[in-house]
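Hello,

Here is the structure I promised to pass on to you. Have a look at it first, and then read my notes below.

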Amino acid sequence: MDPDVALRLFEEGATLVLLGVPQGTELGIDCKSWQVGPRFRGIKMIPPGLHFLHYSAGNPSQSRGEIFLKTGFFLSLRPREILLAKWDPKEEDLDFSASKNQEEVGRIQASLQELDPYLGPYPYDMMRKWVSLTNHLSKELVQNLQPLSGRISSYCDIIPEVEFRHTEDRAQHPRNDTACTSMKEGLERLPRMKQREGTELRFSAIPKKTYPPGATPAQITQCSLDLSYALETVLKNYGPQPHHILGELQFAFVCFLVANVYEGFEHWKGLLALLCRSEEAMVKQKELYLELIAVLYHQLGEIPTDFFVDIVSQDNFLTATLQDFFQFARGSSVDGTLLDLPEEFTLE
């Protein structure tokens, strides 16, 4: 990089000062990750805008088969902004509460030049990819979709629905140290679990019924073949901004691709099926579908083509979904501009 350009980026870009991160921790921003070295103190030259910081506690190179869970969260950074975080060894997490201490942040800002050799530069070679995967995302949309805790984790934080804190409470629960006489009995002995409040991703609900109340058998059949009614139900969540569904599609994809959240993958599939199998909506929402093509073009370039093959049926979800999309797009009622699909979407 040209020295003058690098200096300007250093002065105008945001800086994440991350202190105490254990050596060997896998840490990254957006689409790039590294293993933390002994001199690491943070990331510099970060372009303003929305970014995703993610990390896995532990050293993968010394894991001996262990699986380290990933945690991440979105940050909306301003030019020249400095965020300060310290590693909490007990929680194995970054604590950003120090950023609220203006005196401490001021000291960091005054010594930024001295700290520079210990800061890793933002990976500008990945910037175009990140922008293409998140161009419909906004700070407000992220806040509405992410967990109330602000943390996005690759694991599901579950707790018992009922906590047996006292001996007499546990005595009333079926014992699990004797043989079961049936599968039903074994299932009844298992504690009922729920996800910890505040850790749930807040995706839009995809309707289980794809037809309106009181629909006739003919209408039920039509709404099962053309999912436009169900799609319109989801789009109502966004009021006058239906394009936000593309932001939610991108949010779910990033949660899956970068944060390894399986729930994000399932929601991405559900939204994609809804969008691709709604022929009537293609007529009404032409601009939405033109932008959907661009979103899918960039997303599908990040995943192997055989990833979506069902192990049991050998049915490729992606192929079947896009074939339905192309079939509807080539229908006589759809605007001709949708017929000009990229060659990269050719399916084998």
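A residue counts as buried under 20% relative accessible area, as exposed over 50% and as partly exposed in between, using a 1.4 Å probe and protein chains only. This is a predicted model, where local features need pLDDT of at least 70, side-chain atom pairs count only at pLDDT 80 or more, and totals for chains, interfaces and linings use all residues. Residues are numbered from 1 along each chain as its sequence is written, and side-chain values use heavy atoms, without hydrogens and water.

Let's start with the rings. Rings of Phe, Tyr and Trp (its six-membered ring) pair if their centres lie within 6.5 Å; planes under 30 degrees apart are stacked, over 60 edge-to-face, and the rest tilted. That rule gives 13 aromatic pairs. One of them joins Phe-52 and Phe-74: the centres are 4.8 Å apart and the planes at 55 degrees, so this pair is tilted. Both Phe-52 and Phe-74 are buried.

Phe-256 and Phe-265 also form a tilted pair, because their planes are at 35 degrees, with the centres 4.9 Å apart. Phe-256 is buried at 14% relative accessibility, and Phe-265 is buried too, at 7%.

Lys-269 lies over the face of Phe-317, 5.1 Å from the ring centre; the rule asks for NZ of Lys or CZ of Arg within 6 Å of the ring centre and within 35 degrees of the ring normal.

Enjoy exploring!
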